Each structure stands twice: as C-alpha cells, then as structure tokens.
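Morning, everyone. Please look at the screen.

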Amino acid sequence: MVRTKTNGSGIDRLSDLPEHLSCRILSHLSTKDSVRTSVLSKHWRNLWLHVPALDLDTIDFPNNLVFKEFIDRFVEFDKELDLKRFELFYDVNHAHSFDEFLWMIDDVVKRRVCRVTVINNVYVVDETLVTMPLSLYSCATLVNLTLSFVAMNKPQSELVSLPCVKTIYLDAVKFDGDDSILETLVSSCSVLDDLTVIAHPEDYAQVVCVRSRSLKSFTLESQSQYQDPNVVIDCPRLEYMSVRGYQPASIVVHSIGPYAKVNIDVMFEVDYEDPPAITMIRSFLIAISKAREMTISTRTLELIDGYHLMVKELPKFSNLSRLNAFLDKSFWERLPGFLGCCINLNSFVLELDGPSEIEEIKVSPLLQDALSARGFVQLKTPVSVTRTSSERKLAAYFVKKSG
C-alpha cells in the first residue's frame, strides 16, 4: 500500500511526483492495491486507470458482473494507453461466462499488450478449461505468454502472427488432440528464445512438434502416468534442451545447436527387439551426442544400457565435457558402457538417490577403469542421508581419482 508523506509544512511530496513516475510506482503493485490508493487524495483518485498493467484475481470480486464492469471501465478509460502487463488468476467455477472471457482477452489484445499471464484455478484435472480467443494468435505486441490449465483452439495458419514473442510457458494447456496447434504457434514466433511445455495429462495429442529457427531453450515435462505424445524437435540454434519425466514411443531430434546443454529423463515405451525402435533410439542418441554438457537420470541410463546390450555399440559422445548423473544405487554400476563413449569427458558428478538400503557398494574393476580416465570426479548423496562405511570409502575413491 502506498502512503503519502508530508514534511513539516504539510506538503504532500509524493503527490507532487509527475504522473508517469506515480504510475510506474503503482505498476509494481497488484491492481487491487493500486485501486486502494484512490482514497489517498484527489490526485490519486483515478491514477490507477493510467497504470499500464492489470494484475487481477477473480476471487477478489463478488461476482462475474462486477468483474466485467471493472474490466470495461479500465479498458474504456484511456484507449491510447498501451498495456504492458496483464496477469489474471481466473476461477472458472466463479460465475464463468465463455463469451465474456473471450471479449476480455480480445480487449487486452487491442490494448497492445506485451505480457500475458492467464492461470486458471482448477481443483481437479478434468474440470472445465477456459479457452483462449483466436485474437491472441495475432497480437503484434506480445512478448511473453504464460498459460496454465487453459485450452487452445486451432487457428487458421494464415492468421497467426506473433513477431515479438520471446518466451512461451505452457502449463497443462490442452490442445484437444490437435497436433498442429503447438507447431503452428511456435513456428509463428520468429524471435522465440525460450519455450516450456508441461503436457496436460488428459490431452490426446499424438505428437509434440517443435520447429523453430530462433529457439535457444526448450523444456518439455509430463504429468501423465501413461504414454506421452511422441516428440519431434527441429531447432538448429537450441542451446539448452530438457526432456524430463517423459514416456513416449519415440523422440526424433532433427537438429539442436552444436555443444548444447541437455537434461534427459526419458523412458521409451518400445520393444527393444523391434528394428524400427532400435533405429529410432540410435538416431536419438546420435542427436544428443553433440551435447557439451549432459544430465541423465536412472531411466536414461536404463535406455542407454538397454540399447547397448541389444546393439553392442554406442555412438561416441565426443563433445561431452561434463556429465551429471542422478541415479538409484542399483543402476550406477551400469555406467562403464556409457562412460567409455565419453572420450573427452573431464568432469563427472554422480549423485546417488535416496537412503542407503544395501550394506556394501563395490566399485567393479570395469568402473574403476572408466573413472580413472576422468579429470574431475565427484560423488554426492542427499545431505539428509548418513553415508554407510562403504559409501565413505567410495567417496574417498572418487576424491582420489579427481585429485
């Protein structure tokens, strides 16, 4: 809450600030707090209507009619004001009107908005999702887009144009099984830098396809306990790629940037004796073998080890200089086959997950040989876990090798 201050003469110095500075101050507040300043003095009465930001939560309004009237008043007050930020925490169960929601977002787009955040508060996954209007696909001023638990309809591709969008964050956004919506959205953003997709657990899309000539960072996560959509990535300038908690039938990586940093936690739902599946896995491993830095999980090591056992050969990870492995204790001895392909690795950090349930951890001669060629080797265990005597010996061994 802004409070005006006076000096000994009773002069209100804060109200003497130029309007643009006062509005800048208010823009750092929620709209609810910004409106509260209207009671301070006559100067502040309508100042909140000049603030180029709306930060709203529908639970702050007694009903949908009051909420609509509030939005209408703001939008109509100064049509020349460019809206820098629009953040909405929306409760779809709170007197939701589909048409009025669309009109509201349309009005925001018309105000040349730069940043849009719409977070739909749903209590269970399968509840109603608000649908974003098609006007959002052609907002020429939009730079940052964050959507959570909303639905997106398929636009006509010729009407999609988002020339300024640099960041997109999609959390549980539902595309109703239409694979082309995300691909169209991404491909229309010619300067997109950062894309995050957390898949909706009840969506029925078959493929997550990301094609971009500008994208530098891509994160893909899953909330589903079942098979996830297949993935196609074609981003030649990608510097960071993270695919975590994902279980597709296939991931096809056509291109990523040379010397990228990757974080891989995947498990393919495939038959390792099926030749097309083996070909797909090999292509995926070859694509990520260009990485400069890599983080892998137990599931990723299972994938690599399963392929290695079937084919007896792994691609060389010649560019890889740093490897971080977060593994269950039962899988860490499967490392030698993979480490043998990391011919230029000079930093290896192994973190063992969870409390110790075994009495003895043995370092096999094969793993000793694989580790002995590494420049820096470090063992980590969770800080809350007391190491067993064998783990302490193992840690000492790692320190010796890294020295």
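Is Asp72 buried, partly exposed or exposed? Asp72 is partly exposed, at 28% relative accessibility. Here, buried means under 20% relative accessible area, exposed means over 50%, and partly exposed lies in between, with a 1.4 Å probe and protein chains only.

Some ground rules. This is a predicted model, where local features need pLDDT of at least 70, side-chain atom pairs count only at pLDDT 80 or more, and totals for chains, interfaces and linings use all residues. Residues are numbered from 1 along each chain as its sequence is written, and side-chain values use heavy atoms, leaving out hydrogens and water.

Side chains of opposite charge can pair when their charged atoms come close. A salt bridge is a side-chain nitrogen of Lys or Arg within 4 Å of a carboxyl oxygen of Asp or Glu. The whole structure has 12 salt bridges.

Back to Asp72. Its partner is Lys68, with the closest N and O atoms 2.8 Å apart. Both sit in helix α3, residues 64-77. They are four residues apart, about one turn of the helix. Helices (H or I, at least four residues) and strands (E, at least two) are DSSP runs, numbered from the N terminus. Lys68 is partly exposed too, at 29%.

Next, Glu293 and Lys261. Their salt bridge spans 3.8 Å, N to O. Glu293 lies in strand β15 and Lys261 in strand β14, so the pair ties together parts 32 residues apart in sequence. Glu293 is buried, at 14%. Lys261 is partly exposed, at 32%.

Last, a network. Salt bridges with shared partners join Glu183, Arg211, Arg213 and Asp234.
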